[in-house]
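Thank you for asking me to look through this structure with you. The points below are meant to be read beside it, one at a time.

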Amino acid sequence: MVGIREIALKAGVSMTTVSNVLNKKKNVGAGTREKILKIADELGYIHKEQNGIDGKRRTIIVSFSDFDTLFYLDILHGVSDYVGKQGYHILICNGDDLAHYSDPDEVCGCIILSSQILDSQVLAVADKGLPVITLDRELDHPNVKAMIVNNYEGERQLIQKLVDEGYKSFAFLSGQNTADNKERYNAFRDVLKTNKISFNRNDLYEGDWREKSGVQAARLIMLQDKMPSVLVCANDMMAIGAIRYFTENGIRVPEDISVCGFDDIIISRYMGLTTVSVPDYERGFLAGQALLSILDGSGDYETYRIGARVKWRKTAQLSHK
């Protein structure tokens, strides 16, 4: 079956140009448009049955890397609510399957939140002419729009308030090596440096975003002669694991050690976890909206930053002075 790749090769243009013509975008010259349509007709190109009555493909890819992490569900819910009402369908896949499913003849765009997908893999999708919304990184490509959380400011506000409340000994549980994690850790270190609070490298623990790594960090912290007054975790799942282990072993939270997270997943609200709240449902809704705006020609590829704010709850003791 003929696809846009064959049309692009014969016309001597990019797949992006072919995709724009076939989707009736107005950013291609009349001569090139006529040439592409003529070649498409000669080669017998037809749209698939999943296309709408307006001839547009109506399936988008949403790609995640870790289906065990709860905050993905809120994002997916937001995406689904927006695009579903516009008559679009969602194809969910992990990073390993992204290259296989990102066929411009089958899907019309991608939303990606996957630290395990390499930049080169994301760019390969964009090179096919598909618009891509990334929720975890900024990439220099005309078909990629970044919609990322302002991690730095949210974390900065959290740590500064802890300092103002009298906390002086800190531990940090890091996630994997992602842009989100770097921003959160940089904010943490910058606030301590600004306030002339020393930070021992031994109080930096390496995690992987999962609850189990929170348990492991708590176990190591309890082996110290003197525990820090607060454990700041790069996400909620690790914070929940740490709290569980502390509690099971007679360490009171927050009386003996305060614990903070980042994300504000649903279970955190029931546990009373102090965290930085990211509006994940709205994040998914806006990502779906941005992608469909690009598809109908009204959107742009400018980076969009999403705010985050601190939720103070019972796992961080205020008036610590």
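1. A residue is called buried when its relative accessible area is under 20%, exposed when it is over 50%, and partly exposed in between, with a 1.4 Å probe and protein chains only. By that rule Asp264 counts as buried, because its relative accessibility is 4%. Asp264 is found in the loop between S9 and H11, and its phi is near 70 degrees, a positive value in a residue other than glycine.

2. Please keep in mind that this is a predicted model, in which local features need pLDDT of at least 70 and side-chain atom pairs count only at pLDDT 80 or more, while totals for chains, interfaces and linings use all residues. Residues are numbered from 1 along each chain as its sequence is written, and side-chain values use heavy atoms, with hydrogens and water left out.

3. As for the whole chain, its secondary structure comes to 12 helices and 12 strands, where helices (H or I, at least four residues) and strands (E, at least two) are DSSP runs numbered from the N terminus. Of its 321 residues, 54% count as buried, and its C-alpha atoms fill a box of roughly 80 × 35 × 30 Å, taken along the principal axes. Contact means heavy atoms within 4.5 Å, and among the contacts in the chain with a separation of 6 or more, 70% are between residues 24 or more positions apart.

4. Asp263 lies in the loop between S9 and H11 and counts as buried because its relative accessibility is 6%. Its phi is positive, about 135 degrees, although Asp263 is not a glycine. Most residues other than glycine have a negative phi, and most peptide bonds are trans.

5. How far apart are the end C-alpha atoms of helix H10 (residues 236-248)? They are 18 Å apart, which agrees with the 18 Å that its 13 residues should span at 1.5 Å a residue, the expected span being 1.5 Å times one less than the number of residues. H10 is mostly covered, with 10 of its 13 residues buried, including Met237, Ile240, Ile243 and Phe246. The buried residues of H10 pack against several elements, among them strand S6 (170-174), helix H9 (211-222) and helix H11 (266-271).

6. The two ends of H10 can also be described. At its start, a side-chain oxygen of Asn235 reaches to within 3.1 Å of the backbone nitrogen of Met238, and H10 is followed by Gly250, whose phi is positive, near 80 degrees.

7. Helix H8 (residues 179-194) has 16 residues and reaches 22 Å from its first C-alpha to its last, close to the 22 Å expected at 1.5 Å a residue. Its buried residues include Tyr185, Phe188, Val191 and Leu192. Just after H8, Lys196 takes a positive phi of about 55 degrees.

8. Leaving aside neighbours within four places in sequence, Ile4 is in contact with residues including Met15, Val18, Leu22, Tyr45 and Lys128. Ile4 and Asp263 are 259 residues apart in sequence and 40 Å apart in space, C-alpha to C-alpha.

9. Thr17 is found in helix H2 (residues 15-22). The side chain of Thr17 makes a polar contact with the side chain of Ser14 at 3.0 Å; a polar contact is a pair of N or O atoms within 3.5 Å, where within protein one must be able to donate a hydrogen and the other to accept it, and residues adjacent in sequence count only if both atoms are side-chain atoms. Beyond its neighbours within four places in sequence, Thr17 is in contact with Val28, Thr32 and Ile36.

10. Gln116 is placed in the loop between strand S3 (109-113) and helix H6 (119-127). Apart from neighbours within four places in sequence, Gln116 is in contact with Ser65 and Gln121, while Gln116 and Asp264 are 148 residues apart in sequence and 22 Å apart in space, C-alpha to C-alpha.
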